[in-house]
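User: Can you walk me through the ligand site in this one? Keep it quick.

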Amino acid sequence: MAGATQHAHWSSKWAFMLAAVGSAVGLGNIWKFPYEAGQGGGGAFVLVYLIFVFVIGVPMLVAELSLGRRGQMSPINSMAKIAKEEGRSPLWSLIGWSGVVGAFIVISFYSVVGGWTLAYMAKSAMGAFSGITAAASQETFLAYISDPVMTIVSHVAFMGITIFIVAKGVQGGLEKAVTLLMPALFALLLILVIYSAFNGAFVATLDFLFNPDFDQLFYKETVLASGEVTRHFSLDTVLQALGQSFFSLSLALGSIMTYGSYLRRDVNLGKSAVIIASADSAVALMAGLAIFPIVFAYGLDVGQGGGLVFMTLPIAFGQMPLGGLVGTLFFALLAVAAVTSAISLLEPPVSYVAEKTSMSRRKVAITMGVAAGLLGVLSAYSQGSNLLSDVRIFGVNIMDAKDFLTNNIMMPLAGMFTALFVGWFVSRKAMMDELAIEDRSFRIWYFLVRFVSPIAVGVIFVKIIFDTIAG
Ligand code: PHE
């Protein structure tokens, strides 16, 4: 990819596809998706999520890629340049700012969880999971995330790898890594799904993931102090699914726009978007199919949150033949998937600062990476019973607060304004020219970005702000 200069380009269409899929497929698919599906009641969440991915996500991917390719600069400067060309307010560059700042915040905590995967790879290699019970697995996880030294060591290691690749200019490293390792991750996930199908509660899993209970989607149960359970209308799960679809597709944080800026004109953006979204969804569903059979077989809590993957899979690794090896490989590949996403998160801030200053790309990557790493320490220490676990921001810990700010506020807003910009403020002719697709596909896409995306995102966003203020 980018290489050391500003206006570098992908070495081939294939390299772009792999890097984009590498950005999309990451912790969002294997760590976040299963636990959010678990908290959101399963099937209904999965269905709404998939609808968002294909009806809103794919058109947004096309929109961001086309803005990046037209701008040929970092998200901030690309937006400023296109707004100027179209005779629009320079304020549209705020979309770029939101992306660059949002990406910086997300990489700070993404790296913490990336560190968990490295630590779990090491644990697995040392045989820590051999014969582990469900209770011991939970304890192992809690002890680890509460350890002020180990969590920082792994966070620093993960951030270090990311900085190293971004600093080098990613042409050789990233492109080579994804070509080999993404297919390997896919194959290993498949093996895990098959293992879980034979050794876990597979039928219960299929029912949970694919048989939607729509009540779960629109109602929330609260247990009152009196012990009484009340049900009230709530769109939390729908919002969560929307946020997750954006996060998983790497939207609204400038990553896809930046990768678009390294594109040449011969790439078909619509086709690419469909491939990226399909591969991304396939990995998320496979992760669910690998994890939930174990969750159900061991009577674990589907709604337990961020520890789900780290507490459940070790149980399977501890029992299967060659489990130590399979576990090590799995966490290694998960770390790789996370690194290829982390690169695309560091890239937007780095590309902007590199444009703005005369510092070398290497220096910029190190500076931005170290700064984000320091911000990440707060997230690492907010977990389990770690040093800052008692700190609450609006009632949640630091990591969840950053997640809420980016996933539920900055990303929906940036997404909505991106759709409005492309749909209403850039000339139709410019977009037709940029996309170069047949008339019918263009009209469908145009309708989706002009009406469906902004309205859907807007309505859900207003609802969540309202809920937050009211509740
Ligand atoms: N899509 C990545 C994942 O699912 C995370 C990511 C989000 C990367 C936004 C870049 C931008 O893990």
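**Ligand site**

Analyst: The shell around the ligand holds six nonpolar, nine polar and no charged residues. Here Ala, Val, Leu, Ile, Met, Phe, Trp, Tyr, Cys and Pro count as nonpolar, Asp, Glu, Lys and Arg as charged, and the others, Gly among them, as polar. This is a predicted model: local features need pLDDT of at least 70, side-chain atom pairs need 80 or more, and totals for chains, interfaces and linings use all residues. Numbering runs from 1 along each chain as its sequence is written, and side-chain values use heavy atoms, without hydrogens or water.

User: Which of the 15 residues come nearest?

Analyst: A24, G28, Y110, F247 and S250. A residue counts as near with a heavy atom within 4 Å.

User: Which polar backbone atom is 2.8 Å from a ligand nitrogen?

Analyst: One of F247. Another ligand nitrogen pairing involves the side chain of S250, with an N or O atom at 3.0 Å. A ligand oxygen is 3.1 Å from a polar backbone atom of L27. The cut-off for such N or O pairs is 3.5 Å.

User: How much of the ligand does the protein bury?

Analyst: 100% of the 320 Å² that the ligand exposes alone. Areas are Shrake-Rupley with a 1.4 Å probe.

User: Which elements give two or more residues to the shell?

Analyst: Helix 1 (13–24), helix 2 (27–39), helix 11 (236–248) and helix 15 (323–356). Helices are DSSP runs of H or I, at least four residues; strands are E, at least two.

User: Switching topic. How many helices and strands in the chain?

Analyst: 19 helices and two strands. The C-alpha trace spans about 60 × 50 × 40 Å along its principal axes.

Terms used. A polar contact is a pair of N or O atoms within 3.5 Å; within protein, one must be able to donate a hydrogen and the other to accept it, and residues adjacent in sequence count only if both atoms are side-chain atoms.
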